[in-house]
Amino acid sequence: MPRPKRKAAPPLTSSDVDSSLRSEPKKSTSKQFDRIDHIFESYTNKSLGLIDPEGIEALCKDVHVEHTDVRMLILAWKMKAEKQGYFSKDEWRRGLKCLGADTLTKLRKAIQGLKQEVMVPECFEDFYSYAFQYCLTEEKQRSVDIETICELLNIVLGSEFPTQVKSLIEYLKIQNDYRALTMDHWRNFYRFFKEVSFVDLQSYDSSQAWPVILDNFVEWLKEKEEKH
């Protein structure tokens with residue numbers, strides 16, 4: 001029997017050429033997530049399936065950063081973490097994938113450089129708002145207590161506006177009008193620090209719809225200056 005003629009191979013299409021290549025990124029991504037998940041498991045509270053405050057403390061020790069360091073808050077922002085003091089696996093994956101950190105060494109290096117992540121004004125404003133929202137630990141909570149606000153001011157703005165933050169914290173601790181503050185107060189504190197010179201306070205215009213707490217703060221500063 002004569003051997004049948006082999007049919008000519010159909011012309012190659014781009015999809016045929018790249019099919020094996022296209023599956024490679026998926027495989028690579030899967031391996032990356034496996035490594036990210038492995039780090040997650042080493043800090044997880046197994047009964048919760050989450051990294052809890054104890055796990056975060058262990059993480060801080062391993063990456064050589066204090067838990068009060070602003071970079072840990074920036075890390076939570078990168079993860080879009082919803083519950084203060086806890087990281088879910090999805091949040092952990094989101095954050096570490098974004099940072100390109102699938103080993104502890106890479107994560108340590110990424111965390112050391114996290115302040116650069118918020119240097120762009122738009123990024124910082126988003127992070128600044130997130131920092132307040134992260135402190136809303138109860139359902140339907142709309143305000144944050146004064147003590148926590150003071151800690152947050154120090155962590156988020158203390159290095160950029162040391163004099164202003166120190167004075168505002170001093171005032172917040174002695175005033176008796178507010179026990180907790182809202183997001184509007186929080187956003188206006190940053191605006192105030194950016195726009196108002198503390199040298200003479202001449203650039204402060206109380207008619208510009210500043211919150212009452214800042215009107216009171218400026219009055220307190222002026223009275224304090226007069227006594228000196």
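A: Happy to. Let's start with the term itself: on a 1 Å grid over the protein atoms alone, a pocket is an open set of points with protein on both sides within 12 Å along at least five of seven lines, whereas a cavity is a set of points where a 1.4 Å probe fits but cannot get out; lining residues have an atom within 4 Å of a point. Grid points are joined across faces, edges and corners, and a volume is the space filled by probe spheres set on the points. Residues are numbered from 1 along each chain as its sequence is written, and side-chain values use heavy atoms, with hydrogens and water left out. This is a predicted model, in which local features need pLDDT of at least 70, side-chain atom pairs count only at pLDDT 80 or more, and totals for chains, interfaces and linings use all residues.

The largest pocket holds about 510 Å³ of space. Its lining has 19 residues, and those closest to the centre are His 67, Thr 68, Leu 73, Gln 84 and Tyr 134. Two or more lining residues come from each of α2 (53-63), α3 (70-79) and α7 (146-157), where helices (H or I, at least four residues) and strands (E, at least two) are DSSP runs numbered from the N terminus. Helix α7 gives the largest share, four residues. By class, the lining has eleven nonpolar, five polar and three charged residues; here Ala, Val, Leu, Ile, Met, Phe, Trp, Tyr, Cys and Pro count as nonpolar, Asp, Glu, Lys and Arg as charged, and the others, Gly among them, as polar. Domain 1 (31-119) and domain 2 (125-227) each contribute at least three lining residues, with bounds that come from an automatic or database domain assignment.

Tyr 134, one of the residues closest to the pocket centre, is also in contact with Tyr 86 (contact means heavy atoms within 4.5 Å). Leaving aside neighbours within four places in sequence, Tyr 86 also contacts Leu 48, Leu 50, Ile 51, Asp 52, Pro 53, Ile 56, Ala 81 and Glu 91. Tyr 86 sits in the loop between α3 and α4, and its C-alpha is 4.7 Å from that of Asp 52, 34 residues away in sequence. Tyr 86 is partly exposed because its relative accessibility is 23%; buried means under 20% relative accessible area, exposed over 50%, and partly exposed in between (1.4 Å probe, protein chains only). The loop between α3 and α4 (89-99) also holds Lys 80, which has a positive phi of about 60° although it is not a glycine. At 54% relative accessibility, Lys 80 counts as exposed.

Not counting residues up to four places away in sequence, Leu 153 touches Gly 158, Val 165, Leu 168, Ile 169, Leu 172, Trp 186, Phe 189 and Phe 193.
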